[in-house]
Amino acid sequence: MEIINKTAKVQFFFRPFSPDPGVQMVIFVTFLVMYLTSLSGNATIAVIVHINHSLHTPMYFFLANLAVLEIFYTSSIAPLALANLLSMGKTPVSITGCGTQMFFFVFLGGADCVLLAVMAYDRFVAICYPLRYTLIMSWSLCVEMMVGSLVLGFLLSLPLTILIFHLPFCHNNEIYHFYCDMPAVIRLACGDTHVHRTALYIISFIVLSIPLTLISISYVFIITAILRIRSAEGRHRAFSTCSSHIVVVLLQYGCTSFIYLSPSSSYSPEMGRMVSVVYTFITPILNPLIYSMRNKELKDALRKALRKF
């Protein structure tokens, strides 16, 4: 009972990137610019798809939902990170607040990973079964797969978050990170964390390896189908619709796998914090840039929208 009472009163603090206020301010401005760029870029994608009827297809439906997910995903991290950068790590976060941030981060990140697998399936059907595409990818199926992505993210996040925050936290309350990341928080517990680390690894493996396997299988069939296309222009168009998705998948899965699937004995707090910047701030910026640069229909819709203003 005494440990529970101690844990309930715990307040966490985030370790500053640097003890120098000047360096912290530079990092704050960098994070703020990245966050605003991510918000504006992803919001633009979502709005353009919504207002342009020619983009009301399954591919762009999933892309718009990915953009919305990225907005909420980054927003679950950025405000608290920015506040701590300004205060030199003196802004406290309660154990409830830390748990809430962790839940939404894993929930939205897990849904993001599943949605990327759904998008790979959409491209597989479009390229391998073009004549049956509209029949297979019905709007009801698209909505069901989108809702399924969110439900899976929720079901994976909730039990893991509850499990971790049943750990006792005593004296050490400085998180070596800029948000409540699971490996960093588990390191602060003053009890046995073997079960929790195992659960984190298993759920991370499910979230990352299963969708990535499905994506890889989809692209084996996609590439085989593309190579059978006789026209060079046809092959180029088919590759261009997939290349953006491949780049995003490599960025997202590569960085998250490095953090969550590495052995706990080799986990480096400093490296973990730096790599996390990539998939929490940089990847959400790159997603709209990659898709808009590689997609002619999206670029044309964006130009038309800008002309109206």
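This is a predicted model: local features need pLDDT of at least 70, side-chain atom pairs count only at pLDDT 80 or more; totals for chains, interfaces and linings use all residues.
Arg15 has a relative accessible area of 33% and is partly exposed. Glu174, at 32%, is partly exposed as well.

Another salt bridge is formed by Arg123 and Asp122, whose closest N and O atoms are 3.0 Å apart. Here the accessibility falls below the 20% limit for a buried residue: Arg123 has a relative accessible area of 9%, and Asp122 has 1%. Arg123 is therefore classed as buried, and Asp122 is therefore classed as buried too.

Arg273 and Glu270 also meet in a salt bridge, at 3.2 Å from N to O. Both residues belong to helix α11 (residues 269-294), where they are 3 residues apart, about one turn of the helix. Arg273 is buried, at 2% relative accessible area, whereas Glu270 is partly exposed at 31%. Arg273 has a further contact: it lies over the face of Phe17, 4.3 Å from the ring centre.

Phe17 leads on to the aromatic residues. It belongs to one aromatic cluster together with Phe31, Tyr73, Phe105, Phe178, Tyr179, Tyr279 and Phe281. In the whole structure, a search finds 21 aromatic pairs. Among them is the pair of Tyr73 and Phe105, with 5.3 Å between the ring centres and 15 degrees between the planes. Planes under 30 degrees apart count as stacked, so the pair of Tyr73 and Phe105 is described as stacked. Tyr73 lies in helix α3 (residues 58-75) and Phe105 in helix α5 (residues 95-128), so the pair ties together parts that are 32 residues apart in sequence. Tyr73 is buried, with a relative accessible area of 2%. Phe105 is buried too, at 5%.

A last pair concerns helix α7 (residues 139-164), in which Leu141 is found. How far apart in space are Leu141 and Pro58, C-alpha to C-alpha? The distance between Leu141 and Pro58 is 9.5 Å, while in sequence they are 83 residues apart. Leu141 is partly exposed, with a relative accessible area of 24%.

Conventions
Residues are numbered from 1 along each chain as its sequence is written. Side-chain values use heavy atoms; hydrogens and water are left out. Buried means under 20% relative accessible area, exposed over 50%, partly exposed in between (1.4 Å probe, protein chains only). A salt bridge is a side-chain nitrogen of Lys or Arg within 4 Å of a carboxyl oxygen of Asp or Glu. Helices (H or I, at least four residues) and strands (E, at least two) are DSSP runs, numbered from the N terminus. Rings of Phe, Tyr and Trp (its six-membered ring) pair if their centres lie within 6.5 Å; planes under 30 degrees apart count as stacked, over 60 as edge-to-face and the rest as tilted. A charge sits over a ring if NZ of Lys or CZ of Arg is within 6 Å of the ring centre and within 35 degrees of the ring normal.
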